[in-house]
Every structure is written in structure tokens, then in C-alpha cells.
Amino acid sequence: QVQLVESGGGLVQPGGSLRLSCAASGTIFSINDMAWYRQAPGKQRELVAHITSGGHANYTDSVKGRFTISRDNTKNAVYLQMNNLKHEDTAVYYCRADGSSWFDGDWDSWGQGTQVTVSS
């Protein structure tokens, strides 16, 4: 079983920055794709950013130029640097990853979520 734990959320003023972190633990043999999603109140969960094992990243249009996803394969971790935050970025942010484990085959896990609130 693989667990993902996020950290780094909080309250920030418009125009401010936050850095989210997500670390995977468990019987991990390899990690393929890693991603950040978010869900605002009353809205569906949406994909924010995605990064492949080779480091290729994609972003939803609303965050391009403001958010940067990165990963550290030595730490089984993924990060989301969020700059120039806007009110509409307020949401619970979730990390997701998939890969294979030593004993249990393929896995696809979600973190528990971390709240990001952008408010003056």
C-alpha cells in the first residue's frame, strides 16, 4: 500500500505564493506520473498540473505561467510552487501518483488534501 501525504497549504493574500509538497511512502518500486488536483466548494475536482517520470509537465490553462510542478525522484516527492495566487485558486489541493510496488503490483493513490485559501 502506498500513502501520499501533502503539506504546505494555508492562508495567503492575493499575489502571494505557496509551495505544496507531497511525499509518497510504502512499498514503492517505481512511480510513473504525479499530479496535483484541486476542488473548490461546489465544483468538480480538476487537474491542475501533471508531471511524467521523465519530468515533462503539463498545466491547466488557468495556472500556466504562475504554477510550477516539479518532482524529486530520490525522495518520491512532488511539489507545486504557486505564485501570484488569485482568489479563484482557493480550493483543497490533492496530489495523486501511480506506479508499481514490490509486492502488490500497480497502485494509484491520492493524498488526503491540503487547504489553500487566497484572501485579503
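**Strands, salt bridges and a surface patch**

Glycine 9 is in contact with Leu18, Leu20, Thr114, Gln115 and Val116, once its neighbours within four places in sequence are left aside; contact here just means heavy atoms within 4.5 Å. All of this comes from a predicted model, in which local features need pLDDT of at least 70 and side-chain atom pairs count only at pLDDT 80 or more, while totals for chains, interfaces and linings use all residues. Residues are numbered from 1 along each chain as its sequence is written, and side-chain values use heavy atoms, with hydrogens and water left out.

Glycine 9 itself is found in the loop between strand S1 (2–7) and strand S2 (10–12). Strands, like helices, are DSSP runs numbered from the N terminus (E and at least two residues for strands, H or I and at least four for helices). With a relative accessible area of 33%, glycine 9 is partly exposed. That label covers everything between buried, which is under 20% relative accessible area, and exposed, which is over 50% (1.4 Å probe, protein chains only). Phenylalanine 29 comes 20 residues away from glycine 9 along the chain, and their C-alpha atoms are separated by 28 Å.

Phe29 turns up again on the surface, where this residue, Trp102 and Phe103 make a nonpolar patch with about 440 Å² of accessible area together. Patches take residues with over 30% relative accessible area and no salt bridge, joining nonpolar side chains (Val, Leu, Ile, Met, Phe, Trp, Tyr) within 5 Å and like charges within 9 Å. The areas come from the Shrake-Rupley method with a 1.4 Å probe, and for residues only the protein chains shown count as cover. Tryptophan 102 sits in the loop between strand S9 (91–101) and strand S10 (106–110). Its relative accessible area is 56%, so tryptophan 102 is exposed.

Next, the strands. Strand S4 (residues 28–39) runs antiparallel to S9, and nine bridges join the two; strands pair if DSSP finds at least two bridges between them. Methionine 34 has alanine 97 of S9 as its bridge partner. S4 also pairs with strand S5 (residues 46–51), again in the antiparallel sense, over five bridges. Here alanine 35 stands opposite histidine 50 in S5. As a rule, side chains in a regular strand alternate between the two faces of the sheet. S4 and S5 form a hairpin with six residues between them, and glycine 42 in the turn has a positive phi of about 75 degrees.

Over in strand S10 there is serine 109, buried at a relative accessible area of 11%. The side chain of serine 109 reaches the backbone oxygen of valine 2 at 3.0 Å. This is a polar contact, meaning a pair of N or O atoms within 3.5 Å; within protein, one must be able to donate a hydrogen and the other to accept it, and residues adjacent in sequence count only if both atoms are side-chain atoms. Beyond its neighbours within four places in sequence, serine 109 is in contact with Val2, Leu4, Cys95, Arg96 and Ala97.

That leaves the charged residues. The structure holds five salt bridges, each a side-chain nitrogen of Lys or Arg within 4 Å of a carboxyl oxygen of Asp or Glu. A network of them links Arg38, Glu46, Arg66 and Asp89. Glutamate 46 bridges to arginine 38, with the closest N and O atoms 2.7 Å apart. Glutamate 46 is partly exposed at 30% relative accessibility, whereas arginine 38 is buried at 6%.

Arginine 38 also meets aspartate 89 in a salt bridge (3.0 Å, N to O). Aspartate 89 lies in the loop between strand S8 (77–82) and S9 and arginine 38 in strand S4, so this pair ties together parts that are 51 residues apart in sequence. Aspartate 89 is buried, with 0% relative accessibility. Arginine 66 bridges to aspartate 89 too, at 2.7 Å between the closest N and O atoms. That pair likewise links distant parts of the chain, 23 residues apart, with arginine 66 in the loop between strand S6 (57–59) and strand S7 (67–72). Both arginine 66 and aspartate 89 are buried.

The side chain of aspartate 89 reaches the backbone nitrogen of lysine 86 as well, at 2.7 Å. Not counting residues up to four places away in sequence, aspartate 89 touches Arg38, Arg66, Phe67, Asn84, Val116 and Val118.
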